[in-house]
Amino acid sequence: CSSDLGLDEVDRILRTNVRGTLVVAQQAARRVRAGGAIINFSSTVVRLAMPGYATYAASKGAVDAMTLVLARELRGRDVTVNAVAPGPTATPLFLDGKDDATIEHLAKQAPLERLGTPDDIARTVAFLAGPDGRWVNGQILAANGGIA
């Protein structure tokens, strides 16, 4: 439960997701050339509003806000700024500690009835970073199989 998180854990999550994204975005904004792309990582958890995830969802909601603001701050520089919001993705970190029934339940939530793969997320990032994504700017792109 979010209300059971200690402040040290809350600070760790916020430092990683909010401060970490902000620092990287600041550096990227100084260095990315015209025609480039800055891509942040959000989470579908923001849309799902799942009990127990308030701190994590808040931290990723901050990433969403930073993404939208930075896209506007870089007006006229020909640099796109977007975020990818993965849904449940079959990575070792995601699968760790989950039993088969839980994994199956999570997979069935999406209309595609499977977990995402790291390749699914990588292809979404590649789209945003490549020439086909040049007209997408200031967006939070959900890569979640339609879960939310």
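Predicted model: local features only at pLDDT ≥ 70, side-chain atom pairs only at ≥ 80, totals over all residues.

Trainee: Which residues lie nearest the centre of the largest pocket?

Mentor: Of the 33 residues in the lining, Ser43, Val45, Tyr53, Tyr56 and Phe94 lie nearest the centre. Two or more lining residues come from each of α1 (7–31), α2 (45–48), α3 (54–73), α4 (92–95) and α5 (100–109). The biggest contributor is α1, with 5 residues.

Trainee: What is the volume of the second largest pocket, and what lines it?

Mentor: The second largest pocket has a volume of about 160 Å³. It is lined by 14 residues, and Gly116, Asp120, Ala143, Asn144 and Gly145 are the ones nearest its centre. At least two lining residues come from each of α5 and α6 (118–129). By class, this lining has 9 nonpolar, 3 polar and 2 charged residues.

Trainee: Let's turn to the helices. How does the span of α3 agree with its number of residues?

Mentor: At 1.5 Å a residue, the 20 residues of α3 should span 28 Å, and the C-alpha atoms at its ends are 28 Å apart, so the two agree.

Trainee: Which residues of α3 are buried, and what covers them?

Mentor: Here is the general idea. An α-helix has 3.6 residues a turn, so residues three or four places apart point the same way. In α3, the buried residues are Thr55, Ala57, Ser59, Lys60, Val63, Asp64, Met66, Thr67, Leu70 and Ala71. Their cover includes α1, β1 (37–41), α2, β2 and β3 (140–143).

Trainee: Which residues make up the largest nonpolar core?

Mentor: To read a core, look for buried nonpolar residues joined through side-chain atoms within 4.5 Å. Here the largest such core has 9 residues: Ala25, Ala28, Ala29, Ile38, Leu70, Ala71, Leu74, Val79 and Val81. Both α1 and α3 give two or more residues to this core, and α1 has the largest share, with 3. Take leucine 74 as an example: leaving aside residues up to four places away in sequence, leucine 74 touches Ala29, Ile38, Val79 and Val81.

Trainee: Now a strand residue. Is threonine 80 buried or exposed?

Mentor: Buried means under 20% relative accessible area. Threonine 80 has a relative accessibility of 4%, so it counts as buried. This residue sits in strand β2 (residues 80–86). Beyond residues up to four places away in sequence, threonine 80 touches Gly36, Ala37, Ile38, Leu128, Arg134, Val136 and Asn137.

Trainee: And the loops? Where is alanine 49 found, and what is its phi?

Mentor: Alanine 49 is in the loop between α2 and α3. Its phi is near 50°, a positive value in a residue other than glycine. Alanine 49 is exposed, with a relative accessible area of 60%. Aspartate 78, in the loop between α3 and β2, is another non-glycine residue with a positive phi, about 60°. At 47% relative accessibility, aspartate 78 counts as partly exposed.

Trainee: What does glycine 133 touch, leaving aside residues up to four places away in sequence?

Mentor: Glycine 133 touches Phe127 and Leu128. It lies in the loop between α6 and β3, and it is buried, with a relative accessible area of 0%. Glycine 133 and alanine 37 are 96 residues apart in sequence, while their C-alpha atoms are 9.1 Å apart in space.

Conventions. Residues numbered from 1 in each chain as written. Heavy atoms only, no water. 1 Å grid on protein atoms, 1.4 Å probe; cavity = no way out; pocket = protein on both sides within 12 Å on 5 of 7 lines; lining within 4 Å. Helix = DSSP H or I, 4+ residues; strand = E, 2+ residues; numbered from the N terminus. Points joined across faces, edges and corners; volume = space filled by probe spheres on them. Nonpolar A, V, L, I, M, F, W, Y, C, P; charged D, E, K, R; others polar. Buried < 20%, exposed > 50% of the residue type's maximum accessible area, 1.4 Å probe, protein only. Contact = heavy atoms within 4.5 Å. Expected span 1.5 Å × (residues − 1).
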